[in-house]
Every structure is written in structure tokens, then in C-alpha cells.
Amino acid sequence: MLDTGKAFSGFSVNDVESAKKFYGETLGLSVSEEHGMLTLPVGNGVLVYPKGAAHAPATYTVLNFPVEDIDRAVDELTARGVRFERYDGMNQDERGIARGEGPAIAWFTDPSGNILSVLQP
């Protein structure tokens, strides 16, 4: 009944234009736009839809980007203006990378406050 091979996820933003600039220019993804919504070329695609003032950022990680070298990824994203988050109780280094409990991971947010990460499996 359900076509799981074509399933995709999505999340909301409060400003589609800011999201398009962030995902396209800052992160370097080939973002497409149709009907006022964005599609990110990740997996089967991730739908980014407007919710305006009703948007509430997710309190969990909505999108994880696996990388081969987390140190290099954090340095490159920092150079592009990305600010990495710090969380109480997490053993993170000065750049925001948590190591030792699972894969090395560093979290950042999009302009709408949704939490994203880079992680080195």
C-alpha cells in the first residue's frame, strides 16, 4: 500500500527565501523551488515548506549530513558563516564537535532555528 521507496521527509521554515539562500548558498545544495516550497536533494528529497509566524523550530535534529572529515566540514562551514551550537551535558570541543559517545557530531541551525548536524560515521 505505501511506497516506502519514494517516501520523503519535510519540515517547516518561517521564511522560504532565507531558507533557500542558506541551503543553496551557505550549504551549497542544489535547491529547487516549486509552489512556494523548497526541495533539498537529500535522499529521496526533503520538502521545506513555509509556515510563517506559526513556525516553531524543531527541538531535535531534523537533518544529518554525513561527512568523511568532521573537522574539515566544521572549518568550511564556519568559514561560510555557520555558527555551531553548544549543548549542556555534551562533551564538545571549542568548535562544537562532540566526540566519544557515538559518531563525532556537530550541530547548527538554519535561519528558522531548525537543528541540523554534520556527523562522521
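Reader: How much space lies in the largest pocket, and what makes a residue part of its lining?

Author: In this predicted model, the largest pocket holds about 260 Å³ of space. A residue belongs to a lining if it has an atom within 4 Å of a grid point of the pocket. The lining here has 13 residues, and those closest to the pocket centre are Val67, Ala73, Glu76, Leu77 and Val118. Helix 2, residues 70-79, gives the most to this lining, with four residues. By class, the lining divides into eight nonpolar, five charged and no polar residues.

Reader: Why is Arg95 called partly exposed?

Author: The relative accessibility of Arg95 is 27%. Buried requires a value under 20% and exposed a value over 50%; Arg95, at 27%, therefore counts as partly exposed. Arg95 is found in the loop between helix 2 and strand 6. Its C-alpha is 7.6 Å from that of Val74, although the two are 21 residues apart in sequence.

Reader: What makes strand 8 largely enclosed by the rest of the structure?

Author: Buried means under 20% relative accessible area. Five of the six residues of strand 8 are buried, and the strand is therefore largely enclosed.

Reader: Why is strand 6 counted as paired with strand 7, and what makes strand 6 an edge strand?

Author: Strand 6 and strand 7 share two antiparallel bridges; the criterion is at least two, so they count as paired. Ala98 stands opposite Ile105 in strand 7. The open sheet has four strands in the order 5-8-7-6, with mixed pairing. Strand 5 and strand 6 are its edge strands because each pairs on one side only.

Reader: Which residues touch the most other members of the largest nonpolar core?

Author: The core has 26 residues, of which Phe11, Leu27, Phe108 and Val118 touch the most other members. Its largest share, four residues, comes from helix 1.

Notes:
Residues numbered from 1 in each chain as written. Predicted model: local features only at pLDDT ≥ 70, side-chain atom pairs only at ≥ 80, totals over all residues. Heavy atoms only, no water. 1 Å grid on protein atoms, 1.4 Å probe; cavity = no way out; pocket = protein on both sides within 12 Å on 5 of 7 lines; lining within 4 Å. Points joined across faces, edges and corners; volume = space filled by probe spheres on them. Nonpolar A, V, L, I, M, F, W, Y, C, P; charged D, E, K, R; others polar. Core = buried A, V, L, I, M, F, W, Y, C linked by side-chain atoms within 4.5 Å. Buried < 20%, exposed > 50% of the residue type's maximum accessible area, 1.4 Å probe, protein only.
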